[in-house]
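Please keep the sequence and the three-dimensional view at hand while reading.

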Amino acid sequence: MARHKGRGWHGRLLAAALGVTAVAAATSMWSAQANPGGGQRPQAPVSVPGAGEQDGKVAKVAADIAHASDRGPQGVNITIDDGPDPLWTPQVLRLLKDNGTKATFCMVGTQAEAHPDLVKDVVAAGHRLCNHTVSHDTTMDTKSEAYQSKQILDAERMITKASGGVRPQYYRAPGGAFTPYSRQLAASRGMRPLGWNVDSKDFERPGVDTMVATVKSEISDGPTVLFHDAGGERSQTVAALGEVLPWLREQGYSFGFPVR
């Protein structure tokens, strides 16, 4: 599986998150370039305030990794990872609004807990939430099932609380580090495992022109496009989105959400 390397900030984030998850221990225990096909329609959404919380039950979803769009062959799924971030997330939200685009925000649990107002802003704008674990450990697939459970379930709790009760509808493993166990666990909690087809490589900050060219040349590979709104300086991401979103619409694409 493809992984993103060199994410020093996530090492610091992991150290901080270990303290968070240790406190929570008493109460809770993308493949990157997989086949983008699959035209199934989304199942009934569960991302509504308080859904399933009263009786502790949630609607299970499919456990295979989703890549397709609920808008069909001409649909595009914009996905935004690693936030929320107080500097970059508001800029991304503004761009999405200006371009009439909905997106899926894959949030790190500690970031959501630190910035609940931003999580609520994302939900209020009509975007969807995705669980990106507590601490963005890209080696999760080498860890125990107990560790994977804690990363996924604690992040689900943190994101849901930060949002005011809106549950994440998807689970994206950091760096694509899915396991059969993590996929089944997420699906049992109503979170469809979520992959990607087009990696903008914005994490490497290769330049706006390069990022835009990557999306334009690879969008035929599948509809789910990966950007980031945290983890570093994201001015290139903001600029690239400002070019990519209108271009996609000009090409006849419509913006949707990943299938569930």
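In this predicted model, the axes of helix α5 (residues 145-163) and helix α6 (residues 180-188) come within 10 Å and cross at roughly 35 degrees. The contact is made by E145, Q148, S149, I152 and L153 on the α5 side and by Y181, S182 and L185 on the α6 side. The crossing of α5 past α6 is right-handed.

Within α6, the residues S182, L185, A186 and A187 are buried. What do the buried residues of α6 pack against? They pack against α5 and β4. An α-helix has 3.6 residues a turn, so residues three or four places apart point the same way. Just after α6, G190 adopts a positive phi of about 80 degrees.

| Helix pair | Axes come within | Crossing angle |
|---|---|---|
| α5 (residues 145-163) and α6 (residues 180-188) | 10 Å | roughly 35 degrees |
| α7 (residues 208-218) and α8 (residues 235-250) | 9 Å | roughly 35 degrees |

The crossing of α7 and α8 is right-handed. From α7, the residues V208, M211, V212, V215 and K216 make the contact, and from α8 the residues Q236, T237, A239, A240, E243, V244 and W247.

The report now turns to the strands. Helix α5 is also part of a right-handed β-α-β unit, together with β3 and β4. Strand β3 covers residues 128-131, and both of its faces are covered: R128 and C130 are buried on one side, L129 and N131 on the other. In a regular strand the side chains alternate between the two faces of the sheet. Strand β4 (residues 170-171) runs parallel to β3 and is joined to β3 by 2 bridges. In this pairing, C130 stands opposite Y170 of β4.

Strand β3 also pairs with strand β2 (residues 103-107), in the parallel sense and over 4 bridges. Here C106 stands opposite C130 in β3, and F105 has L129 in β3 as its bridge partner.

How many of the residues of β2 are buried? In β2, 5 of its 5 residues are buried. A103, F105 and M107 lie on one face and T104 and C106 on the other, so that both faces of β2 are covered.

Strand β1 (residues 75-81) pairs with β2 in the parallel sense, again over 4 bridges. I78 stands opposite A103 of β2 in this pairing. Between the two strands the chain passes through helix α2 (residues 88-98), and this β-α-β crossover from β1 to β2 is right-handed.

A further residue of interest lies in strand β7. T224 belongs to β7, which spans residues 224-228. Is T224 buried or exposed? Its relative accessibility is 0%, and the cut-off for buried is under 20%, so T224 counts as buried. The side chain of T224 makes a polar contact with the side chain of N77 at 2.9 Å. Apart from its neighbours within four places in sequence, T224 is in contact with H67, N77, T79, R172, L194, G195, W196, N197 and V198.

Definitions and conventions. Residues are numbered from 1 along each chain as its sequence is written. This is a predicted model: local features need pLDDT of at least 70, side-chain atom pairs count only at pLDDT 80 or more; totals for chains, interfaces and linings use all residues. Side-chain values use heavy atoms; hydrogens and water are left out. Buried means under 20% relative accessible area, exposed over 50%, partly exposed in between (1.4 Å probe, protein chains only). Two strands pair if DSSP finds at least two bridges between them. A crossover is right-handed if, with the strands pointing away from the viewer, the path from the first strand over the helix to the second runs clockwise. A polar contact is a pair of N or O atoms within 3.5 Å; within protein, one must be able to donate a hydrogen and the other to accept it, and residues adjacent in sequence count only if both atoms are side-chain atoms. Contact means heavy atoms within 4.5 Å. Axes are lines fitted to C-alpha atoms, for helices over the stretch in contact, and angles run from 0 to 180 degrees between N-to-C directions. A crossing is left-handed if the near helix is turned anticlockwise from the far one by less than a right angle, and right-handed if clockwise.
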